[in-house]
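Take a look at the sequence and the 3D model below. This report walks through the ligand site, then through some single residues.

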Amino acid sequence: MLTGKRIVLGVTGGIAAFKAASLCSKLVQQGAEVRVIMTSSATKFITELTLQSLSKAPVYTDTFDEKNPAVIAHINLADWADLVLVAPATANIIGKMAAGLADDMLSTTLLATEAPIMLAPAMNVHMYQHPAVMRNLAELAARGVMLVEPGEGLLACGYVGKGRMEEPEQIVAVVGAYFERQARYQSLPLAGKKVVITAGGTIERIDPVRYITNDSSGKMGFALAEAARELGAEVRLIAGSTQVAPPPGIQVQRVQSAEDMLQAVMAEFSDSDIVIKAAAVADYRPAVTQERKIKKSGDTMTLELVKTVDILEQLGKHKQRQFLIGFAAETHDVESYAMDKLKRKNCDLIVANDVTVEGAGFGTDTNVIQVYDAEGLALSLPKVSKREAALQILELACGRLTGASR
Ligand code: CTP
């Protein structure tokens with residue numbers, strides 16, 4: 001899978017550094033040539049000898065320890081690499097990269113390289129969620145640095161939460177998928193295209209302290225936004241209420257109600273190439289939003305609801321060359337409801353899923369989807385990560401774009 005690929009593996013000083021040994025070994029087994037750079041903190045967790053034995057090459061730790069007088073090591077490695085992978089990436093190296101600091105072998109190489117960079121962060125959950133780290137990751141993502149997001153679980157510090165470095169097998173799979181995609185496309189298929197994605201649920205206010213919403217987590221829409229960016233698109237993310245944070249580095253416009261979402265989407269619509277309505281939009285809203293908190297009175301209370309505007313239907317009516325993708329989360333008769341929505345809303349594709357199936361629907365990290373076009377079933381995926389589903393949906397759409405560029 002990685003035959004002949006040159007990977008510089010940067011290892012920084014966190015407890016997850018021990019996993020770098022397995023990662024290095026797996027990369028080599030897949031055919032990659034690996035050169036390891038360790039920070040001095042990393043050498044406190046794992047020895048140079050371990051990584052030297054596994055990579056079968058000298059390990060670099062000191063910018064001034066020039067092993068070959070004919071070259072300058074950090075520039076040489078920076079130019080040699082097809083990919084620089086930092087795993088684990090501590091908050092410190094992330095901060096240094098964001099600020100452009102270069103005070104050791106790894107940070108100088110990271111600054112000198114023109115190769116793509118991928119980070120697998122690992123740290124305490126509170127450190128990961130710290131606004132400074134989030135801001136630094138957003139800055140790096142905006143520069144095109146790829147992120148293998150940490151998983152959730154019991155951390156070495158005893159806390160449970162997000163911050164555990166992704167498992168080596170998973171990182172190798174992401175690296176493999178990256179090279180595979182690069183080989184498949186001569187250039188990024190969505191370069192120069194504008195993709196508008198809605199995510200999350202809408203909030204329809206009853207009064208200042210109460211509202212109607214739904215279970216949408218935002219994960220599918222966010223995965224689509226990340227995938228669209230990875231394929232080279234200019235992404236506009238319009239997000240309602242979500243349970244997870246949006247991907248760093250993507251421009252997000254937050255909205256509340258279906259009406260707000262309609263306005264936000266319409267403002268981006270005319271020059272967009274693909275519009276994906278992954279949001280769970282309320283079908284009804286309170287007829288009146290009370291300005292003051294409703295006080296308790298009788299034993300029963302009736303709330304009058306009125307229909308919201310169907311945003312997707314509006315887009316379907318007004319579309320010119322825009323490629324329109326809708327979603328249909330169903331509990332039964334998936335195909336007939338999906339086909340009905342596709343026609344009624346004039347979509348190019350409908351992504352349908354049966355939310356009663358294990359591993360599909362709201363809140364999960366995986367999905368089980370079927371994609372329909374006017375002819376019927378166009379793509380059916382087994383249980384895959386929302387990220388993989390997102391890439392496959394976008395790849396299907398790419399193949400069907402009319403080629404009209406902005
Ligand atoms: N949608 C929309 N605006 C609405 C309601 C839905 O844009 N007011 C979009 C959703 O974002 C989704 C698609 O329409 O892409 C299907 O949403 P869904 O709620 O399943 O469709 P409905 O037409 O509302 O049908 P029903 O609720 O009866 O299943």
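Predicted model: local features only at pLDDT ≥ 70, side-chain atom pairs only at ≥ 80, totals over all residues.

Residues are numbered from 1 along each chain as its sequence is written, and side-chain values use heavy atoms, with hydrogens and water left out.

**The ligand site**

| Residue | Protein atom | Distance to a ligand oxygen atom |
|---|---|---|
| A279 | A279 backbone N or O | 2.8 Å |
| D283 | D283 polar side-chain atom | 2.8 Å |
| L312 | L312 backbone N or O | 2.8 Å |

How much of the ligand does the protein bury? Taken alone, the ligand exposes 570 Å². The protein buries 78% of that. Such areas come from the Shrake-Rupley method with a 1.4 Å probe; for residues, only the protein chains shown count as cover.

The ligand takes up the space of the second largest pocket. On a 1 Å grid over the protein atoms alone, a pocket is an open set of points where a 1.4 Å probe fits, with protein on both sides within 12 Å along at least five of seven lines. A molecule sits in a pocket if more than half of its atoms lie within 2 Å of its grid points.

K319 lies in the loop between α12 and β16. Is K319 buried or exposed? K319 counts as buried, because its relative accessibility is 18%. The cut-offs are under 20% for buried, over 50% for exposed, and partly exposed in between (1.4 Å probe, protein chains only). The side chain of K319 has a polar contact of 2.9 Å with the side chain of D348. A polar atom of the K319 side chain also lies 3.2 Å from the backbone oxygen of N346.

The next loop, between β16 and α13, holds D333. D333 is not a glycine, yet its phi is positive, at about 45°.

Most residues other than glycine have a negative phi, and most peptide bonds are trans. K56 has a positive phi near 55° and is not a glycine. K56 lies in the loop between α3 (48-55) and α4 (73-80). With a relative accessible area of 68%, K56 is exposed.

Where is there a cis peptide bond? A87 and P88 are joined by one, with omega about 0°. P88 has its place in strand β3 (residues 83-89).

P88 also meets T12. The side chain of T12 reaches the backbone oxygen of P88 at 2.5 Å. The T12 side chain reaches the backbone nitrogen of T90 at 3.1 Å. T12 lies in the loop between β1 (6-11) and α1 (19-29). T12 counts as buried, because its relative accessibility is 2%.

**Pairs across the chain**

A132 lies in helix α8 (residues 131-142). A132 is partly exposed, at 26% relative accessible area. A132 and G95 are 37 residues apart in sequence and 8.1 Å apart in space, C-alpha to C-alpha.

V145 is found in the loop between α8 and β5 (146-147). V145 is buried, with a relative accessible area of 13%. From V145 to T3 is 142 residues in sequence and 23 Å in space, C-alpha to C-alpha.

S380 is in strand β20 (residues 376-380). S380 is partly exposed, at 46%. The C-alpha atoms of S380 and Q392 are separated by 10.0 Å, with the two residues 12 apart along the chain.

Terms used
Polar contact = N/O pair within 3.5 Å; in protein donor to acceptor, adjacent residues only side chain to side chain. 1 Å grid on protein atoms, 1.4 Å probe; cavity = no way out; pocket = protein on both sides within 12 Å on 5 of 7 lines; lining within 4 Å. Helix = DSSP H or I, 4+ residues; strand = E, 2+ residues; numbered from the N terminus.
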